[in-house]
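User: Can you take me through this one? I'd like the chain interface, then the sheet.

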Amino acid sequence: MFLYGFMQRAFQASILISLIAPMLGLFLILRRQSLMADTLSHVSLAGVSLGLLLGYDPTWVNILVVVIVAGILEYLRKVYRTYSEISIAILMSGGMATALVLMGLNDSGATVSIQQFLFGSIVTISVQQVWMLLILTVVIIVLYSIFRKPMYTLTFDEETAYTAGLPIQFMSVMFNILTGVTIALIMPIVGALLVSAILILPAAISIRLSKSFNGVIFIGIGVALIGMIMGLMGSYYLGTPPGATITLIYIAIFSLIAVFK
Amino acid sequence: MKAGNRMQYIKVDDLAFHYEDEPVLENICFEVNAGDFAILTGENGAAKSTLLRNILGLLKPTKGSVTLSKKNTEGDKLVVGYIPQQVASFNAGFPSTVLELVSSGRYPRGKWFKKLDKEDKEHVKKSLESVGMWAMRHKKIGELSGGQKQRISIARVFAMDPDLFILDEPTTGMDVDSREEFYKLLQHASEYHDKGILMVTHDHEEIRHYANKHIELIRKEGSPWRCFSMDSCKERSKHPSSFH
Ligand SMILES: Nc1ncnc2c1ncn2[C@@H]1O[C@H](COP(=O)(O)OP(=O)(O)OP(=O)(O)O)[C@@H](O)[C@H]1O
Ligand SMILES: [Mg+2]
């Protein structure tokens with residue numbers, strides 16, 4: 001199966017996603033923002049539909065839309081501190097509804113590709129997508145190694161982070177934007193419905209396996225590699241959607257650990 | 001009592017604070033200087049935590065002002081160590097060892113982007129030892145008891161070695177002996193290292209021998225609201241409420 005160009009690209013993409021997911025996922029979980037990732041993936045569906053409708057490159061339109069919404073979410077998180085689920089729910093359904101309406105307006109052959117964006121597709125990964133993912137992975141690894149300590153402090157407790165002199169507002173916004181860009185890039189591969197699962201599950205699993213912060217990231221990368229590659233092969237042999245196959249493997253690992261630990 | 005020429009770390013001037021339009025603090029005036037060990041008392045709901053959060057800039061005063069010194073006694077940037085109330089409930093699932101968390105106290109000491117050196121590690125070790133938690137350093141923080149969590153929060157602040165300690169009921173859940181030990185350490189820090197300390201506490205009998213300043217929030221007379229305040233700003237500056 002490695003003879004097919006698309007399978008090679010799919011494997012390259014999987015390895016890159018395995019490196020990114022635990023880092024972002026851990027912070028998303030600890031900042032209680034797992035739902036935000038879900039919201040952004042629904043919004044990114046609207047971004048893609050908008051791109052298709054306007055006839056621009058959906059990837060770029062999508063990144064733009066998701067980044068803007070990620071900024072708005074941070075604002076809402078601050079204003080409705082205790083009721084943040086409400087703004088999340090509105091944006092999530094709003095994103096999905098917008099996507100569906102935009103699709104309805106677009107009566108060219110775009111419905112086919114919407115299907116692909118909902119459930120993900122490994123056949124269609126382009127060389128350009130792999131390159132963008134590679135750049136993103138490098139950026140995230142560099143940012144993580146530079147800002148590990150400030151992020152640790154911020155994630156542990158925002159108020160003590162503020163009193164320790166960190167620009168917590170700016171850091172939160174930058175983190176959300178980075179999450180948005182990642183979701184926009186990964187979404188076409190694994191599907192909008194399961195992007196957040198792919199980002200969050202490796203860290204959710206490795207949190208149970210490691211005592212230390214760094215340990216969670218390293219074990220998470222291992223877990224992600226296993227899940228992504230097994231899921232990809234399963235998807236290839238069984239003809240099942242990649243995102244769903246990978247998610248089921250993660251859930252299987254999660255259950256095994258829950259039983260044996 | 002300490003001389004009046006100590007460097008001023010906190011100055012609260014005629015502060016008032018309202019949640020929405022419900023006044024909770026009014027006429028608050030006091031100062032905390034380098035070398036002061038000040039305790040802040042008042043019944044539950046007296047807005048002690050609210051006052052601390054105003055001082056730290058986490059809340060903005062409705063009226064009056066809070067001035068935090070920019071510099072410490074040596075002329076460097078003032079480092080503030082804050083322990084919020086009820087750290088025991090903190091992020092129980094946070095994946096971190098005790099050692100990692102306490103070491104993170106060193107980061108604001110110019111170590112955000114640098115490796116911790118020998119001196120940092122020495123500080124971390126000493127602070128963990130001072131609260132009797134060195135042996136537990138490889139434990140996951142979520143697995144500690146309430147009192148132990150409180151102790152490592154204290155160790156984290158000691159590791160930071162701040163110029164100004166702002167502590168919100170830091171000894172909740174700690175046993176008598178560790179409390180006494182902690183007060184002694186704070187007294188030493190203020191007396192010999194010129195640290196400023198502002199600590200919210202309910203056990204002011206116990207602490208009488210250690211602190212040198214007492215700020216009490218009392219219910220405002222004739223007020224229909226739950227307003228608590230210092231007696232009056234003018235009166236206060238004439239009779240500093242120190243009890244030594
Ligand atoms: N976020 C908030 N919004 C509205 N009112 C609040 C808020 N936080 C506190 N209050 C009110 O302000 C008053 C002061 O609360 P605060 O937590 O500062 O008291 P405290 O002196 O620290 O009490 P305790 O001894 O129990 O810690 C209380 O009456 C409380 O109901
Ligand atoms: Mg309080």
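Predicted model: local features only at pLDDT ≥ 70, side-chain atom pairs only at ≥ 80, totals over all residues.

User: Fine. How many residues of chain A are in contact with chain B?

Analyst: 26 residues of chain A are in contact with 29 residues of chain B; contact means heavy atoms within 4.5 Å.

User: And what area is buried between them?

Analyst: About 2400 Å², with carbon and sulfur atoms giving 61% of that. Buried area here is the accessible area (1.4 Å probe) that two parts lose on being put together, summed over both. In chain A, the residues losing the most area to chain B are Lys149(A), Phe156(A) and Lys211(A), which together make up 31% of what that side buries.

User: Which side chains meet in a salt bridge?

Analyst: Glu159(A) and Arg53(B), at 2.5 Å, N to O. The count between the two chains is 1 salt bridge, meaning a side-chain nitrogen of Lys or Arg within 4 Å of a carboxyl oxygen of Asp or Glu.

User: Which helix of chain A gives the largest share of the side that touches chain B?

Analyst: α6(A), with 9 residues. Helices (H or I, at least four residues) and strands (E, at least two) are DSSP runs, numbered from the N terminus.

User: Now the sheet in chain B. What is the strand order?

Analyst: β5-β6-β7-β3-β8 in chain B, an open sheet of 5 strands with parallel pairing; two strands pair if DSSP finds at least two bridges between them. β5 (80-83) and β8 (213-216) of chain B each have a single partner strand, so one side of each is left without a neighbour in the sheet.

User: How many bridges join β5(B) to β6?

Analyst: 4 bridges, to β6 (residues 164-168) of chain B. Val80(B) has Leu164(B) as its bridge partner in β6(B).

User: Which strands does helix α4 of chain B touch?

Analyst: Helix α4 (residues 146-160) of chain B packs on the sheet against β5 and β6 of chain B, its direction making about 180 degrees with that of β5(B). Axes are lines fitted to C-alpha atoms, for helices over the stretch in contact, and angles run from 0 to 180 degrees between N-to-C directions.

Terms used: Residues numbered from 1 in each chain as written. Chains lettered and ligands numbered in written order. Heavy atoms only, no water.
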